[in-house]
Amino acid sequence: MDKEQLRHMSIEEKRAALKQMLLENRDPPKPDSNENVEVVPGLIESRDYEAFCKQKKATNEWGAENLYFHETDGISDHRVSVAGRKVINFSSYNYLGLAGHPSVQRAAKEAIDQYGTSASASRIASGEKPVHRILERALADFMGTEDSVVMVGGFATNESTIGHLMGERDLILYDSYSHESIQRGCRLSGATARAFPHNRWESLERILREERHRYEKALIVIEGVYSMDGDFPDLPEFIKVKKQFQAMLMIDEAHSIGVLGETGRGIGEHFGVDRLDVDIWMGTLSKSLASCGGYIAGTGKWVEYLKYTVPGFVFSVGLPPASAAASEEAIRILASEPVRVSQLRQNSEFFREACRERGWNVGPSRDSAIIPLILGSSATCIRVSTELLDRGILVVPIIHPAVPEDTARLRFFISSNHSEDELKSTVAAIEACL
Ligand code: PMP
């Protein structure tokens, strides 16, 4: 379809055409394994690249060139600058506003002055700086575990830890809504990996009953808050299942640490579970904890084993000292100012309820700071987010193929720093755009 054709179409026709274009890209044709494979000289000539270009063109036709790599300036807090204009920001997971906190910034700067900008080696081979262990102790104390280990990147923490812990004789069962880093780790491991329906511990139990005896180790992977829907699992039920089948349980707290629980200690605090009932408490430093990196918290034995064996830790540079110091200070503030957590909860409830009262679909989101506004069409999401930006509100559309077309959504990340006025005016602006 060319630009000339587009110009003569009604909005409805354009939407239908975009939907079709997006749907057509769903399953790029794959060669039959028995056929001779067509030899292509490189990426640019490949089907993958062609599919990518088509997808990009489809969204660009809708004036959505700026949908990705949207440049923002200044600190990504409850407000941020876009093209020189301050807008209300719902696109960052700086949940507690700590990524711009003066004392977090100071801690990072002081670490740079003391240690420079890089650890310059793997920690196992003399890249270890005092700030690494100070952060790991602070994390463990905050979580109520014996110890913790931090790695460079939350994604790498999941991928490398799962990929390393499990092997060909093992079974991994992960929630079907799991983050890409978890799914990549499963594939890397070579274990038999199966997704169970979202949050359905009953289905998990059934699979384990039928399959557990065929495998050595079994690992269940769930998340503390799911990043597309803002909902969370019934952790005590998962713990029962894990115990019944002698499986290990890993929980990714990227979006629940600093958010769930009275004092932000995550889903474990929310349900009041014994820390020892979960084998691997994984989390990221990039959301509430104001920095960059990932952690695993658990027993001292677990952590020691991981520190000597996980490839993504052993064969990778130590976390930059400034990142470690920033997170350590963020944890100190979080622990001493739990009011930030209650403010975040209050803001999230206010916004979620305001949406529900108007009959808008916010899916199963509850208690968390992620609120999807499900509009059910990629084209509508792109249009509404563009119009909202014109009105001074930044929110990212999550469209097909990231989610099924009929659940395309605007995803709102709420911050403890959003004011009631900002939340109210956002609701009014959405109302005007729908
Ligand atoms: N786990 C989950 C659930 C995530 O949402 C993300 C990304 N935000 C990651 C892991 C990866 O973390 P990071 O971006 O800090 O690498």
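This is a predicted model: local features need pLDDT of at least 70, side-chain atom pairs count only at pLDDT 80 or more; totals for chains, interfaces and linings use all residues.
1. Residues are numbered from 1 along each chain as its sequence is written, and side-chain values use heavy atoms, with hydrogens and water left out.

2. The chain has 16 helices and 13 strands, where helices (H or I, at least four residues) and strands (E, at least two) are DSSP runs numbered from the N terminus. Among contacts (heavy atoms within 4.5 Å) between residues at least 6 apart in sequence, 70% join residues at least 24 apart.

3. For 434 residues, a compact globule would have a radius of gyration near 22 Å, and the 23 Å of this chain agrees with that; the radius is taken over C-alpha atoms, and the globule rule is 2.2 Å times the number of residues to the power 0.38. Along the principal axes, the C-alpha atoms fill a box of roughly 65 × 60 × 45 Å.

4. Of the 434 residues, 53% are buried, a term that means under 20% relative accessible area, with exposed being over 50% and partly exposed in between (1.4 Å probe, protein chains only). The accessible surface comes to about 20,000 Å², and 50% of this belongs to carbon and sulfur atoms; the areas come from the Shrake-Rupley method with a 1.4 Å probe, and for residues only the protein chains shown count as cover.

5. The structure holds 0 disulfides, a disulfide being a pair of cysteine sulfur atoms within 2.5 Å. As for individual cysteines, Cys186 counts as buried because its relative accessibility is 2%, whereas Cys292, with a relative accessible area of 44%, is partly exposed.

6. Helix α8 spans residues 201-211, and its buried residues are Ser203, Leu204, Glu205, Ile207, Leu208 and Glu211. These buried residues of α8 pack against the strands β4 (171-175), β5 (192-196) and β6 (218-223), and also against helix α9 (235-244).

7. Val273 lies in the loop between α10 (267-271) and β8 (280-284), and this residue counts as buried because its relative accessibility is 15%. Leaving aside residues up to four places away in sequence, Val273 touches Leu235, Pro236, Ile239, Gly268 and Trp281. Val273 and Leu235 are 38 residues apart along the chain, while their C-alpha atoms are separated by 8.2 Å.
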